[in-house]
Amino acid sequence: MTRKPGLFGRVYNGLILLFLYAPIFVLIVFSFNSTKSRSVWSGFTFDWYRSLIQDSSIMNAFYTTIIIALLSAVIATVAGTFAAVGFYNMRRRWRTPLMHINNIPMMNADIVTGVSLALLFVSLGSALRFNLGFGTLLIAHITFNIPYVVLSVMPKLRQLDSNLVDAACDLGCTWLKAFWKVVVPEIMPGIINGLIIAFTLSVDDFVISYFTAGGNVMTLPMKIFAMTRRRISPEINALSTILFLTVLILLIVINVREAKQEEKQKEKLRRSQG
Amino acid sequence: MKPKYLAIPYIVWMGIFVAAPVLIVVFYAFTTADGGLTLSNISEMGRFLPIFVRSFELAFVSTIICIVIGYPVAYILSREGARVQRLIIMLIMLPMWMNFLLRTYAWMSILENTGLLNSLLTALGLPALQIINTPSAVVIGMVYNFLPFMILPIYSVIVKIDKSLYEAAQDLGADTVSVFRKVVFPISLPGVLSGVMMVFVPAVSTFVISQLLGGGMVMMLGDLIDMQFLGSAYNPRLGSAIALVMMIIVILFMYVMNRFGEGEEKAVGL
């Protein structure tokens, strides 16, 4: 058997974790600093949290981010699931090139996806008379989300026993009914996974939004970018702290739930064997 | 209705929002404002050679540092117990969930001239360092942001290695070092490869990290493209040409890496 890592290895990994977390701790500590300094501690305060909540442009950016993320994730999940089922049922000759095109937004640098979509929107916009804004931002997010949904649903389709669909059809289901009653429940974990990936990618995206949102709509990452350029705003630190704690709590909840489910499954297994 | 037709809406969508934009970039790169064909946008590339070289150089250095730092993390982690592995993977992923702009901003306050690092050095009686607004600061920022993207794929390959392979190697007389060199390392190379792609592409095209930590002194390809579209030097045709050339170099790079990877997989018989 392989040995457990020695002291040296553990210290090394500890140092790397320290490297990953040091900047975040700095952000959190200075969110409570009473002056605007980013490096000299001068006393405890909650002022930055108060001014953060009162800052309507930050709150608006936050709402925009959530709305765009929810809409784009749901639309991308539905479209991506249908697309995956369609691709899966095609001949390889058609499927392979289509999957290659599907992968373009994932392989491409974000900045290239961003500027190329911006060019498309600007040329279409001058013909069809629309401007960059909420609509183009939403379309851009749907576009970069769908490939990830397709990629997370596809493996579940491969695991699906095709006899199940045939059996359902033999028992009198139409294909569509078999799809809803048999295929969708079987691939559900992949769909949910795709939805979560799409939502987080959308919340986190800065580069593509920056090029496709135009001047009037702002997501939270775009707002943060604007704030960092002004260089003076401990409100950013307060915002980071809130976001960090939210993610931390979410992850802990998810992990505890998963651990419990695993325990249950083990318990079941033990019972069925005993 | 046949199930394959379900893909039709997305195929239309891809045509408009995935394929067409790429074609428009190509079209813009080779045309003038009044629609005539031109090579002048492409031939202007020579002027930007230093920026191309710097971008690829900094991305390359960052990728190598990520491998050197990240590989041992993945290897050591794979030998921990299941619970510790789970916990540490969660801890490595947690910072990734915080927007990278915020993480980069944190480094601004650490690295700036009167920042925390220099305060610490001064307190210890050491000379202060000028790091912010230099290429080093940009590399630190990229390594920090992209390190998890290197650790996770390497880890996921190493952790799946069949334990009996180790035992077989040990039974045949291999010590820990040769087990690593002849068994673990060759099998883990595909993980390194996907790590390289996940680090190199965003690194070479970044404009946020170079703007925040390089303070405009370290111009990279991303900044150059940004300037042509939303910045002072508004010229989408030149911007398209730069994006196109960058894209082609990156695709060539990935193609070569993939060929290299396939060779490795055959060599270890996977």
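This is a predicted model: local features need pLDDT of at least 70, side-chain atom pairs count only at pLDDT 80 or more; totals for chains, interfaces and linings use all residues.

Residues are numbered from 1 along each chain as its sequence is written, while chains are lettered from A and ligands numbered from 1 in the order in which they are written.

Chain A contains 11 helices and 0 strands; helices (H or I, at least four residues) and strands (E, at least two) are DSSP runs, numbered from the N terminus. The C-alpha trace of chain A spans about 75 × 65 × 35 Å along its principal axes. Its radius of gyration is 24 Å, whereas a compact globule of 274 residues would have one near 19 Å; the radius is taken over C-alpha atoms, and the globule rule is 2.2 Å times the number of residues to the power 0.38.

Of the 274 residues in chain A, 38% are buried. A residue counts as buried if 20 or more other C-beta atoms lie within 10 Å of its own, exposed if 12 or fewer, and partly exposed in between, with C-beta atoms placed from the backbone.

Most residues other than glycine have a negative phi. R129(A), however, has a positive phi, near 60 degrees. R129(A) sits in the loop between helix 5 (110–128) and helix 6 (134–159) of chain A.

In chain B, N133(B) is not a glycine, yet has a positive phi of about 65 degrees. N133(B) lies in the loop between helix 6 (116–123) and helix 7 (135–158) of chain B.
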